[in-house]
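Morning, everyone. Please look at the screen while I talk you through this one.

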Amino acid sequence: MVKSNCRPSAGGIFRKKVMQVDAWKILRFDTLDSTNTEAKRRAREGDVARTLIIARQQTAGRGRMDRKWVSPMDAGLWMTQLFAPENVRARDASGAVFISAAALSQALRELTGAEVMVKWPNDLVLGGKKICGMLAECGFDGDMCAWIALGSGLNLREDALPPELKFASSIQRQTGRLLTPEEILAAYLPAFDALEHIWEAEGLGPVIERIRPMSATLGREVRVNGEPARALDMDWDGALICEFADGVRRVLAGDVSVRGITDYV
Ligand code: ADP
């Protein structure tokens with residue numbers, strides 16, 4: 001993979017880069033084990049062309065740490081974006097979930113007018129309930145990120161979600177609107193492309209700034225893997241800065257569960 005060390009600045013070069021972005025090749029499946037697993041199969045065969053994989057249902061949808069993601073037939077937008085980011089270091093690859101969180105919450109706000117919020121680091125919430133989860137899995141080329149499989153599971157319909165998921169809800173339940181995958185993608189993909197290029201050119205900081213006013217976590221009392229804390233801020237790299245009983249620490253995305261004290265948010 002050819003990588004450039006040149007970091008284009010905002011302005012003219014940035015605009016030119018946005019216009020040059022490849023369109024997403026969209027692959028649709030009726031049933032997949034998991035759209036992320038399908039993307040990883042392709043990446044491991046060397047095909048990292050910019051591809052959006054959508055399944056009407058997943059039989060083995062996954063959250064972080066192999067937790068199950070419930071994805072019934074036509075109940076949601078179950079998708080993975082496979083792409084090879086420019087100029088992103090391996091250690092920064094997990095920042096991709098913030099790109100999709102910012103872009104998808106923005107798109108859903110435009111489409112519904114609802115106050116979709118981002119629960120750090122990888123969930124979208126509406127009315128205090130989880131409507132979407134995201135999972136980034138990456139391949140590395142030395143210390144650079146070679147590819148990212150960025151999965152998003154967005155609940156569109158309420159009726160197909162099992163009642164035991166008591167924190168889960170859907171766009172339809174919360175807004176009364178049954179959005180189609182096509183109208184969501186039409187709003188989401190341009191927003192994603194623009195933020196991806198800001199990330200590649202300037203790092204994650206500007207993306208974090210977009211999320212800050214939509215954060216459902218900042219300023220809240222939370223439990224970090226069960227330990228009570230106050231979520232003070234998000235760092236430039238997406239880390240959550242928390243005040244624990246024994247002091248202030250940075251919490252990294254990926255390996256922790258953050259919950260509200262009594263509720264999901
Ligand atoms: P976390 O909520 O800690 O961020 P994950 O992002 O790994 O966890 O998501 C997996 C969890 O999400 C599952 O353990 C389950 O509780 C919940 N879940 C599974 N499927 C759905 C769904 N369709 N909608 C909302 N929540 C779901």
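Which residues of α3 are buried? Before I answer, remember that this is a predicted model.

The buried residues are A96, V97, F98, I99, S100, A101, A102, A103, L104, S105, A107 and L108. That is 12 of the 17 residues of α3, so the helix is largely enclosed by the rest of the structure. Buried here means under 20% relative accessible area.

Now the helix itself. Helix α3 covers residues 96-112. From its first C-alpha to its last it reaches 24 Å, close to the 24 Å expected at 1.5 Å a residue. Just after α3 comes G113, with a positive phi of about 75°.

Next, the core. Nonpolar side chains tend to be buried together in soluble globular proteins. The largest nonpolar core here has 59 residues. Which of them touch the most other members? They are L108, L124, I131, L154 and Y188. Take L124. Leaving out residues up to four places away in sequence, L124 touches A101, L104, S105 and L108, among others. Its contacts also include V116, I131 and M134. There is a second, separate core of 10 residues, including L32 and I53.

Last, the sheet. It is open, with 5 strands in the order β11-β10-β9-β8-β12, and the pairing is antiparallel. Which strands stand at the edges? They are β11 (247-251) and β12 (258-260). Each has a single partner strand, so one side of each is left without a neighbour in the sheet. The twist averages 45° from one strand to the next.

Look at β8, residues 221-224. Strand β8 runs antiparallel to β12, and 3 bridges join them. There, R223 stands opposite R259 in β12.

Note on methods
Residues are numbered from 1 along each chain as its sequence is written. This is a predicted model: local features need pLDDT of at least 70, side-chain atom pairs count only at pLDDT 80 or more; totals for chains, interfaces and linings use all residues. Side-chain values use heavy atoms; hydrogens and water are left out. Two strands pair if DSSP finds at least two bridges between them. Helices (H or I, at least four residues) and strands (E, at least two) are DSSP runs, numbered from the N terminus. Axes are lines fitted to C-alpha atoms, for helices over the stretch in contact, and angles run from 0 to 180 degrees between N-to-C directions. The expected span of a helix is 1.5 Å times one less than its number of residues. Buried means under 20% relative accessible area, exposed over 50%, partly exposed in between (1.4 Å probe, protein chains only). A nonpolar core is a set of buried Ala, Val, Leu, Ile, Met, Phe, Trp, Tyr and Cys residues joined through side-chain atoms within 4.5 Å. Contact means heavy atoms within 4.5 Å.
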